[in-house]
Amino acid sequence: MRMLENYSLEALNTFGFRVSARYFVEANSVEDLREAIRFAAEKQVPIVPLGGGSNLVLSGDQDALFVHVNIHGKKITSRNDDLVSITAGAGENWHEFVRWTLGEQAYGLENLSLIPGNVGAAPIQNIGAYGVEIKDYFHSLEALDLQSGALKTFTLEDCQFGYRDSVFKHSVRDRFIITSVTFSLAEKLSPKLDYGRLKQEVEQRSGECSDAFTISESVCDIRMEKLPDPLVLGNAGSFFKNPVVDECLLRKLQTDYPDVVAYPFEGRWKLAAGWLIDRAGLKGFRQGAVGTFNKQALVLVNHGGASPDDLLGLAHHIQNVVHNRFGVELEIEPRVY
Ligand code: FAD
Ligand code: NAP
């Protein structure tokens, strides 16, 4: 295992910021991770686990050991008439993993096609799209405790999954490196198509009978039409979480903006953050080398050569404008280091 010093993270963060890590290592096994823990302790630097770098903002050079979790492998561990249990290494590419599960006739993850990043990061924010979240098909995960060096199993209950949220963002933040994730997938496909234009897209492709690959490809098509490819335009997907507000604020907003986009959410209302930014006149807005994407205002983009300060300055500006106009706070979704 080679510990590298002053390593450029430009290719390992999807904003493409030119920042470096004081130390960097590729970990291909749990033993490599244990060695990384020893090294970080000796150098007295924190460890930052890294997958595809698609949900973080590196705000400058990092005085830390960045560990690229590269643990591979995927296997079916059991199968019965209803469920297929599949375990995947944290370093597996998420989208390739999803497509592999479909080929194995194990269903449930098709709506989560084309989400960038790796399997190991998926539980951190309980990734979700088109009405499905990983918690719907999650069984358990294994993670290495950075304090004790022991492997621990987290069940569905232990993970405390919420909307783009989990225990790994709260009480055990920065304490564990996820090494593998086990999913309980379905033996029979139950299409979930009642989100946006997914049903229409699937029907256009295949008529009434939708197979899992058709759904996956429809999701990919919709995403490619609306979201920027990080290899072309640096971004980290949705930059803000959709805010959840109470009925009273929603009613107030509806008086001024009858077309406000809101969905019922656990007894409250989830507002579409992209709609708020758009309605504030900031869709396609550009401030120097950064801006909001012209097809989805919730995605902040690096037009080329931007610095993390440019991006965070824009984020702050958007938060202010949205707050002044709608009285709603926008919370940044990616982790800022
Ligand atoms: P990274 O960015 O590398 O890491 C994210 C966080 O997880 C960091 O804090 C990191 O330290 C931690 N982490 C990473 N690996 C591990 C590990 N093995 N153990 C412990 N901690 C770890 N998200 C959605 O939920 N739904 C979407 O539809 C979606 N669409 C996106 C579209 C685009 C174009 C982009 C750029 C992003 C999108 N995202 C979406 C956000 C992102 O892809 C997901 O959050 C993804 O799971 C991040 O994976 P990653 O491997 O890139 O994580
Ligand atoms: P969209 O379809 O234009 O929808 C806009 C917003 O309305 C979304 O944020 C979505 O909330 C909400 N919404 C739409 N239909 C809904 C329904 N039937 N029930 C409940 N909420 C509904 O969104 P988009 O930008 O094109 O993204 C499509 C999907 O991919 C969304 O699920 C989105 O979360 C996901 N995505 C996530 C990221 C990320 O980085 N987190 C990036 C890109 C796309 P939800 O977001 O809660 O679904």
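**View 1. Who gives the most to the shell around ligand 2?** Strand S13 does: with three residues, S13 makes the largest contribution to the shell around ligand 2. Keep in mind that this is a predicted model. Seen by domain, domain 2 (74-186) and domain 3 (234-336) each put in at least three residues.

**View 2. A closer look at the neighbours of ligand 2.** Here we have 20 residues surrounding ligand 2, and the closest are Tyr163, Arg164, Lys226, Lys270 and Gln296. What kinds of residues make up this shell around ligand 2? Eight are nonpolar, six are polar and six are charged.

**View 3. Polar contacts of ligand 2.** Start with Tyr163: a polar atom of its side chain sits 2.5 Å from an oxygen atom of ligand 2. Gln296 also has a side-chain N or O atom facing an oxygen atom of ligand 2, this time at 2.6 Å. With Tyr263, the ligand 2 atom is a nitrogen, and a polar side-chain atom of Tyr263 is 3.2 Å away from it. How much of ligand 2 does the protein cover? On its own, ligand 2 has 800 Å² of accessible area, and the protein covers 78% of that.

View 4. One residue pair to look for is Arg286 with its bridge partner Gly291 in S18. As a reminder, strands of a sheet pair through backbone hydrogen bonds.

**View 5. Strand S12, wrapped up by the rest of the structure.** Is strand S12 (residues 176-186) buried or exposed? Buried: 11 of its 11 residues are, so S12 is largely enclosed by the rest of the structure. One partner of S12 is strand S7 (residues 83-89), which pairs with S12 in the antiparallel sense over seven bridges. In this pairing, look for Leu83, whose bridge partner in S12 is Ala186. Strand S10 (residues 138-145) likewise pairs antiparallel with S12 over seven bridges, and here Ser140 has Thr182 of S12 as its bridge partner.

**View 6. Ligand 1 and the residues around it.** Strand S12 turns up here too: S12, strand S3 (47-50), S8 and S13 each supply at least two residues of the shell around ligand 1. There are 33 residues around this ligand, and Pro49, Gly51, Ser54, Arg223 and Tyr337 come nearest. By type, the shell splits into 18 nonpolar, 12 polar and three charged residues.

**View 7. Polar contacts of ligand 1.** Ser54 reaches ligand 1 with its side chain, where an N or O atom is 2.6 Å from an oxygen atom of the ligand. Pro116 uses its backbone instead, with an N or O atom 3.0 Å from an oxygen atom of ligand 1. Gly128 also takes part through a polar backbone atom, 2.8 Å from a nitrogen atom of ligand 1. Alone, ligand 1 would expose 980 Å², and the protein buries 94% of that.

Definitions and conventions:
Residues numbered from 1 in each chain as written. Chains lettered and ligands numbered in written order. Predicted model: local features only at pLDDT ≥ 70, side-chain atom pairs only at ≥ 80, totals over all residues. Heavy atoms only, no water. Near = heavy atom within 4 Å. Polar contact = N/O pair within 3.5 Å; in protein donor to acceptor, adjacent residues only side chain to side chain. Areas by Shrake-Rupley, 256 points an atom, 1.4 Å probe, with all protein chains shown as cover. Helix = DSSP H or I, 4+ residues; strand = E, 2+ residues; numbered from the N terminus. Nonpolar A, V, L, I, M, F, W, Y, C, P; charged D, E, K, R; others polar. Domains from an automatic or database assignment. Pairing = 2+ DSSP bridges. Buried < 20%, exposed > 50% of the residue type's maximum accessible area, 1.4 Å probe, protein only.
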